[in-house]
Amino acid sequence: MDITLVQETPFRFRIERQDPMRVPGVVFATRELLPQATGDKALEQVANVAALPGIVRASYAMPDVHWGYGFPIGGVAATDIDAGGVISPGGVGFDISCGVRLLAAGIDRDPLAPRMRRLMDILGDTVPRGLGPGGLWKLSGRRQLEELMVAGAAYAVEHGRGVPRDLERCEDGGTLAGADPSQVGQRAVDRGLRQVGSLGSANHFLEVQAVDRVYDDRTAAAFGLHPGQVCVMIHCGSRGLGHQVCSDHVKVMDQSLRAYGIQLPDRQLACAPAVSVPGRDYLGAMAAAANYARANRQLLTEAARHAFAVAAGAELDLVYDVSHNMAKIETHDVDGVPLQLCVHRKGATRALPPGHRELPDDLAEAGQPILVPGTMGTASYVMAGTAGNDAFWSSAHGAGRVWSRHQALRRVRGEELCEQLESHGVAVRPASWRALAEEAPDAYKDVDAVAAATEAGQLARLVARLVPLGVVKG
DNA sequence: ATGTAC
């Protein structure tokens, strides 16, 4: 499909509807951030998504949009489930409920400085990471894993890994309803049994950061953040279990397309009506994998807490935990009519506005915390949800790639990058030189520009800027 | 994203 891109404002573009698109595309970005500039086909994918059965209003792209499997990463699409609207695993992503959690430390960067090396050494020794098996927990078997997949982060807390307040600061209270472990295949279970409590690889990390700048004192205070404060940011997902769930259900849906009379511009958009048997089966498996990811982040939190207690005598309070690879059934007004929608957010963070009933009381006035990790060596942002959000309460999830992993490997050497980061005062504990090179800051868009465009496009507002002190890399 | 894959 050759797309026609029309600039509506300095921060918003429209992709004109043409067959087989059912709705237009809307891209929140500046001209510099558009993925086309680098030959990336993400905007063609935005147009492809607009052809999904039941899609309403528009196919959206966030400022960090880039190419992905079927859907672009940084894509948002909502389908009307009472009008044949579909669920597409490719609109969630292979890493189901991949997400970010931010912890606020009871210590500032200056007093931590002399203890930083010890802290990083403990984190480096105790945080499982990299490809393959190895996690903080070894589960006894399928039965125990099923309990974890039903209860999510709450399962970890019930077993002494965390405090009840943690769950108040998790999206969905740490437990996504509707999990159906019977739809998680044995192969996914086998992979999941040995990876609970592990970062994984690629762009996953555990980072020690400091608050570099506060844009909104009142909201920062509500989030428990102040200038100079140390934080921990954890980015990880559902590991091999989520990957296997996605693979298994994509295959089923690909084979059921004909039965539901669904025609698609790209087979990677394989989908089924959200209320159909394959649709419900996937949603149940997806929720189970999501709860696995949430338990995973909860366990890694406990590893960080242990390291901070030993090295710095400091505690870590959860600011918020939110996914950026999810589909959720939500009610939204479309042309003045409340509809039950299946909202796909792939590489896009949910961004609830102030006063939303799903927010805990102490965050109601501020709006939902939105966590926007940058890259090793660059800033990360904390933002807040706004009432003006026009993308089904969704926002950017990170910097967004501009180089493929292959390109990054050709241009960057991991050892050199590590030296550069260390010389700039960022301690690095990598899983491998190769993974480090693939995640070089130069392989990503400018996160400062992404955050600025996110605010200018009225997707969210700036609260605080965080800078890295040390990174444990997957 | 991922025991870089059926």
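Reader: Which residue with a positive phi follows helix 12?

Author: Gly425 does, with a phi near 85°. Keep in mind that this is a predicted model.

Reader: Which residues of helix 12 are buried?

Author: Start with the general idea. An α-helix has 3.6 residues a turn, so residues three or four places apart point the same way. Now the case here. Helix 12 covers residues 414–423, and its buried residues are Gly414, Leu417, Cys418 and Leu421. Seen down the helix axis, they fall within an arc of 100°, so they line one face of helix 12.

Reader: What does the face turned away from the buried side carry?

Author: That face of helix 12 carries the exposed residues Glu419 and Ser423.

Reader: What do the buried residues of helix 12 pack against?

Author: They pack against strand 18 (427–429) and helix 13 (433–438).

Reader: How do helix 3 and helix 10 pack?

Author: Two packed helices are described by the angle between their axes and the distance between the axes. Helix 3 (residues 116–126) and helix 10 (residues 277–312) pack at about 145°, and their axes lie 9 Å apart. The crossing is right-handed.

Reader: Which residues meet there?

Author: From helix 3 come Arg118, Leu119, Ile122 and Leu123. Helix 10 brings Ala303, Ala304, Ala307, Phe308, Val310 and Ala311. By class, this contact has nine nonpolar residues, one charged and no polar.

Reader: What about chain A as a whole?

Author: Chain A has 14 helices and 19 strands. Of its 474 residues, 63% count as buried. A compact globule with 474 residues would have a radius of gyration near 23 Å; chain A has 21 Å, which agrees.

Note on methods: Residues numbered from 1 in each chain as written. Chains lettered and ligands numbered in written order. Predicted model: local features only at pLDDT ≥ 70, side-chain atom pairs only at ≥ 80, totals over all residues. Heavy atoms only, no water. Axes fitted to C-alpha atoms, helices over the stretch in contact; angles between N-to-C directions. Helix = DSSP H or I, 4+ residues; strand = E, 2+ residues; numbered from the N terminus. Left-handed = near helix turned anticlockwise from the far one by under 90°. Contact = heavy atoms within 4.5 Å. Nonpolar A, V, L, I, M, F, W, Y, C, P; charged D, E, K, R; others polar. Buried < 20%, exposed > 50% of the residue type's maximum accessible area, 1.4 Å probe, protein only. Arc of directions from axis to C-beta. Rg over C-alpha atoms; globule rule 2.2 N^0.38 Å.
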